[in-house]
Amino acid sequence: PYATVNAFNLYALVGANWAPDTGIFFLGLSYRTLGIACIALICILAGVFHVLSRDKRTLVPVAAFLVWGIFALGHNMHERYLFPAVLLLVWAFLLFRDRRMLYGAAIASAVTLLNAGLILLYPAGNISQGIVAAISGLNLAGFVYCAVAVIGLCFTCKRGEPTESSLTEEPTAEERAAAGEAEAIAKARNTIAWGIPNVEARRHG
């Protein structure tokens with residue numbers, strides 16, 4: 001029962017790595033109480049965002065928001081708990097072609113690599129608090145960026161505005177057939193246009 005177990009998040013930022021979760025964070029709130037409140041809030045917000053979006057595909061980026069939010073603000077976290085958010089954000093990019101999802105995945109990857117890498121290099125935990133605080137700050141900033149991007153994506157879907165994926169969708173079979181027909185007509189016209197001068201030339205010849 002620790003505030004954080006090698007996860008560079010909000011609690012590691014204030015030097016509470018391996019500190020008992022019964023310790024006081026501020027205003028009489030323990031790490032455990034604050035962590036539970038944050039996890040509950042993240043879960044509620046994730047549900048609201050998905051319901052309001054009216055698009056089943058937003059379940060993927062909302063799940064990334066959920067995973068990252070719990071890792072960044074929840075208590076008792078381990079360094080490996082952010083892994084799923086990377087995959088979910090890449091999946092969200094493939095669904096929506098929204099570059100913000102890709103940027104979020106890059107930040108989450110960097111945080112995961114630095115966090116897990118340092119824990120493997122220094123298993124005894126003798127890591128400078130300055131380094132821990134810097135990576136924890138990057139983690140929190142990345143979560144805020146992810147949250148803003150996911151909220152924007154959900155409300156874009158709610159309003160029915162086109163996303164980047166809808167602007168780059170493959171044409172339907174009917175659209176391809178119409179385009180092919182138009183191209184054939186254009187080629188026929190060009191053939192006729194180029195053939196008329198040749199006929200006139202042969203007559204004068």
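Reader: Why is Trp18 called partly exposed?

Author: The relative accessible area of Trp18 is 43%. Buried means under 20%, exposed over 50%, and partly exposed in between, with a 1.4 Å probe and protein chains only. Trp18 therefore counts as partly exposed. This is a predicted model, in which local features need pLDDT of at least 70, side-chain atom pairs count only at pLDDT 80 or more, and totals for chains, interfaces and linings use all residues. Residues are numbered from 1 along each chain as its sequence is written, and side-chain values use heavy atoms, with hydrogens and water left out.

Reader: Where does Trp18 lie, and what is its phi?

Author: Trp18 lies in the loop between α1 and β2 (24-26). Its phi is near 65°, a positive value in a residue other than glycine. Helices (H or I, at least four residues) and strands (E, at least two) are DSSP runs, numbered from the N terminus.

Reader: What makes Asn6 buried?

Author: Asn6 has a relative accessible area of 12%, so it falls on the buried side of the cut-off. Asn6 is in the loop between β1 (4-5) and α1 (10-13), and its phi, near 70°, is positive too.

Reader: How do you know that Gly69 is buried?

Author: Gly69 has 0% relative accessibility, so it counts as buried. Gly69 is part of helix α3 (residues 59-73). Apart from neighbours within four places in sequence, Gly69 is in contact (heavy atoms within 4.5 Å) with Ile42, Gly74 and Phe143.

Reader: Why is α4 called roughly antiparallel to α5?

Author: The axes of helix α4 (residues 83-96) and helix α5 (residues 99-121) come within 8 Å and cross at roughly 160°. That makes α4 roughly antiparallel to α5, because angles over 145 degrees count as such. Axes are lines fitted to C-alpha atoms, for helices over the stretch in contact, and angles run from 0 to 180 degrees between N-to-C directions.

Reader: Which residues of α4 make the contact with α5?

Author: On α4 they are Phe83, Val86, Leu89, Val90, Ala92 and Phe93. The α5 side includes Arg99, Met101 and Leu102.

Reader: How do you know that the span of α4 is close to the expected one?

Author: α4 has 14 residues and reaches 21 Å from its first C-alpha to its last.

Conventions: Parallel < 35°, antiparallel > 145°, perpendicular 65-115°, else oblique. Expected span 1.5 Å × (residues − 1).
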